[in-house]
Amino acid sequence: MNYSNLNFKALVVEETTGGVYISRVKEKLISELPQGEILIRVLYSGLNYKDALSSSGHKGITRHYPHTPGIDAAGIVVSSEDARFSIDDEVIVTGYDLGMNTSGGFAEYIRVPSRWVVPKPTNLSLKESMIIGTSGFTAASAIYEFIKHGVTPDSGRVLVTGASGAVGSMAVAMLAHAGYHVVASSGKPAATILLKELGAREVISREEVEDISGKALLPPRWIAVLDTVGGNTLSSVIRATAERGIVTNCGMLASNKLDVSVFPFILRAVRLVGIASAETPMERRLELWNLISGELKFPEMNRIYHSISLHEVPDAIESMLHSKVSGKYLVELYPDLP
Ligand SMILES: NC(=O)c1ccc[n+]([C@@H]2O[C@H](COP(=O)([O-])OP(=O)(O)OC[C@H]3O[C@@H](n4cnc5c(N)ncnc54)[C@H](OP(=O)(O)O)[C@@H]3O)[C@@H](O)[C@H]2O)c1
């Protein structure tokens, strides 16, 4: 079948005069999509912080507008020029350039290079794969580093910062399900109930994590930290990590600056690991999806997401930019699907 003249719905962000960016659901043609070996009918996408930045004109994420954001997509192959994928295969695409400068998952169709495409793991539904999406994949990437470093559920307390956000809440649920003693740090007192339901043993405020003394080393509190916040939070947790502990950082919600001495590294052998999930090589990607659909697959998945349609994405993005969101937004392209 020739799809090139097929119309489909997509969220389109346009730059207007005065540097204002407006998002609207519009009709597009398949022929307008970028070249690629795999055309996918998208059933689900999910909202990530990068999408909020792309939708509001951050040129570091998206250079040219009009643009369709959406760094995550899951759906069904409708045409393939790669023998490894057949029509009707259920597949996932997260990261790489999807939704950044390549037309993304807030649309009924995407066309992408086959090297970006992951076959859906058998133990996850397409919907579950997008509840997880880049946020869960990022959480799992950090947990993978903990495991590789030898951190076990018996090693001690594991801290998650920005815990009510998409990455944070997913990390709390995955770690708790795997048996770890999880301490969740959140700026939203109202998120305590959700975080406890997801398995956090303790929920503490942002202030309880942040150090204001400026001391080079703080009493050891954590054996592992999954930080989404950066800035003084990251500096504080590095200084409060126990001997031979590990800190991962994936985000910079507070700041992209890090002010810390080398003492935690040379006196306590603390390890700092950066997480950059978008460019994860395919071999590791498949390993991580196995982990996500296996020992990290948590039963509370239905409690962690809010379902929205394409039309509701702009409002959800506003909430995200104002840090009002707990958990994850799942974008359902066909809300009537069972
Ligand atoms: N490197 C990667 O591969 C990768 C992948 C995905 C995401 N990220 C990054 O990770 C971060 C989190 O993403 P997300 O999707 O979870 O975002 P999100 O859903 O918007 O959640 C962010 C959470 O961080 C906390 N927070 C917000 N502003 C803060 C501030 N000024 N100081 C301290 N905490 C603050 C809030 O949680 P509380 O109210 O509970 O504290 C908020 O809910 C973002 O920076 C994102 O760009 C990186």
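Predicted model: local features only at pLDDT ≥ 70, side-chain atom pairs only at ≥ 80, totals over all residues.

Reader: What makes β8 and β11 a pair?

Author: Strands pair if DSSP finds at least two bridges between them, strands being DSSP runs of E, at least two residues long, numbered from the N terminus. β8 and β11 (residues 222-227) have three bridges, in the parallel sense, so by that rule they pair. Val 160 also stands opposite Leu 226 in β11.

Reader: And how do you know that β8 pairs with β9?

Author: Four bridges join β8 (residues 157-160) to β9 (residues 181-186), and the two run parallel. Arg 157 has His 181 as its bridge partner in β9.

Reader: Why is the β-α-β crossover from β8 to β9 called right-handed?

Author: Point the strands away from you: a crossover is right-handed if the path from the first strand over the helix to the second runs clockwise. Here the chain goes from β8 through helix α3 (residues 166-177) to β9, and the crossover is right-handed. Helices, by the way, are DSSP runs of H or I, at least four residues long.

Reader: What makes β10 and β13 edge strands?

Author: Each of them, β10 (202-205) and β13 (271-274), pairs on one side only. They end an open sheet of six parallel-paired strands, in the order β10-β9-β8-β11-β12-β13.

Reader: How do you know which residues are around the ligand?

Author: A residue is near a molecule if its C-beta atom, placed from the backbone, lies within 6 Å of it. There are 33 residues around the ligand, and Gly 162, Ser 164, Gly 165, Ser 186 and Gly 251 come nearest. α1 (49-55), α2 (126-148) and α3 each supply at least two residues of that shell.

Reader: Which domains does the shell draw on?

Author: Domain 1 (7-120 + 304-332) and domain 2 (134-277) each give at least three residues. Those bounds come from an automatic or database domain assignment.

Reader: How do you know that the two domains touch?

Author: Contact is called if two C-beta atoms, placed from the backbone, lie within 7 Å. Ten residues of domain 1 are in contact with 14 of domain 2.

Reader: Last one: what makes Arg 244 and Pro 66 worth a look?

Author: Most residues other than glycine have a negative phi, and most peptide bonds are trans. Arg 244, in strand β12 (residues 241-249), has a positive phi near 60°. Pro 66 is joined to Tyr 65 by a cis peptide bond, with omega about 0°. Pro 66 lies in the loop between α1 and β4 (72-80).

Terms used. Residues numbered from 1 in each chain as written.
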